[in-house]
Amino acid sequence: MKGALRRARGAPLPIPGGSRWRALSKMSAEQVLDTVYELILGREPDPTGAQSYLAGLQNGSITPQEVAQWAVASGEWWSVTSFPGLGQSLHLSRMMFVRSLPSGQRILDLGGTSLGNATGALVLMGYPYAFEDLVVIDLPSEERNALYQEESAHQVTHTKLGPVRYRYHSMVDLSDYPDDSVDLVYSGQSIEHVPLDVADTVLAEVRRVLRPGGFLGIDTPNARVTRLQQDEFIDPDHEHEYTNAELSEKLIRAGLEIVDAKGLNYAGPSLAAGHFDVDQIATARGIFNAIEDCYLLAYVCRVPT
């Protein structure tokens, strides 16, 4: 092992098409391995890791990108390595939730603008299924918080999954969409932005436009955890942050059947200690059964047939 490390030191890395890797193509295998481990796992390579990857990096059978992919796919990265920020971690967990949503040919995405990317949030976050029509409904830019304003409005974006159309109006008003005309509605981090009574109107309209057997996917902050984080709303634009009991009751009252209820980013240790530990919650990323003990609530609901 020591000999392998000595051979790697200072030797140029034989990367196929190395010009595409820029700085990496000038590194030795040892330097690449050190960089990957430091950036992704936050530590130095262990002897087992060095033995697994150094020879392949030296002879070109393994690329630096492949080493990085193995690190990200490791149990250590998912369960042990601290995540550098709660916002990034929650976004990762939400992408996992989006990829678990049912398939649908006709989709409405409530509040689904993705700043800087015209494909919209649902497609960008990894929704996996082809569709006939996806409509993103969002407020006109000038009516949004300054953080979410855009320089220009989108019309239609053609993606590999299907066309994404944009309609700029409140998600409270779905009057342009006929009864039983939609297969899937997604409401990602949006229901908390309207008052309690208005949320009832939104859910009633969602129930109306969904066909029998159609689905609603919804995720939103969990007040049980966010109140541990701070007494006030975590976003000044929020009108109400829900507990699981509150939102479950609203969904059922709207005539929707909850077929799956999950939590995103497990906060159980923080709740048990009575102290919001941002590193613990950011590191416990993913989808969990313990919905009441997670930072985000996530539901898949169905219209009864």
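Which residue in S9 does Gly217 stand opposite? Gly217 stands opposite Val300.

## Basis of the model

The model is predicted; local features need pLDDT of at least 70 and side-chain atom pairs count only at pLDDT 80 or more, while totals for chains, interfaces and linings use all residues. Residues are numbered from 1 along each chain as its sequence is written, and side-chain values use heavy atoms, with hydrogens and water left out.

## The sheet

Nine strands make up an open sheet of mixed pairing, ordered S3-S4-S2-S1-S5-S6-S9-S7-S8. Strands here are DSSP runs of E with at least two residues, helices are runs of H or I with at least four, and both are numbered from the N terminus. Two strands pair if DSSP finds at least two bridges between them. At the edges are strand S3 (156-158) and strand S8 (287-288), each pairing on one side only. S3 runs antiparallel to strand S4 (residues 163-168), with three bridges between them; Val156 has Arg165 in S4 as its bridge partner.

## Strand S9 and its neighbours

Strand S9 (residues 294-302) is largely enclosed by the rest of the structure, because eight of its nine residues are buried. Buried means under 20% relative accessible area (1.4 Å probe, protein chains only). Strand S6 (residues 210-221) is antiparallel to S9 and joined to it by seven bridges. Strand S7 (residues 257-266) also pairs with S9 in the antiparallel sense, over eight bridges, and Gly263 stands opposite Leu297 in S9.

## Helix H8

Helix H8 (residues 196-209) packs on the sheet and touches strand S1 (106-110), strand S5 (182-188) and S6. Contact means heavy atoms within 4.5 Å. The direction of H8 makes about 150° with that of S6, where axes are lines fitted to C-alpha atoms, for helices over the stretch in contact, and angles run from 0 to 180 degrees between N-to-C directions.

The buried residues of H8 are Ala199, Val202, Leu203, Glu205, Val206 and Val209. They cover an arc of only 160° around the axis, which puts them on the same side of H8; the arc is that of the directions from the helix axis to the C-beta atoms. These buried residues pack against S1, S5, S6 and helix H10 (244-253).

## Nonpolar cores

A nonpolar core is a set of buried Ala, Val, Leu, Ile, Met, Phe, Trp, Tyr and Cys residues joined through side-chain atoms within 4.5 Å. The largest has 49 residues, of which Leu33, Leu122, Tyr127, Phe131, Leu134 and Tyr295 touch the most other members. Helix H2 (residues 29-41) supplies the largest share of this core, seven residues. A second, separate core holds 29 residues, including Leu108, Val194, Tyr242 and Cys301.

Key:
Buried < 20%, exposed > 50% of the residue type's maximum accessible area, 1.4 Å probe, protein only.
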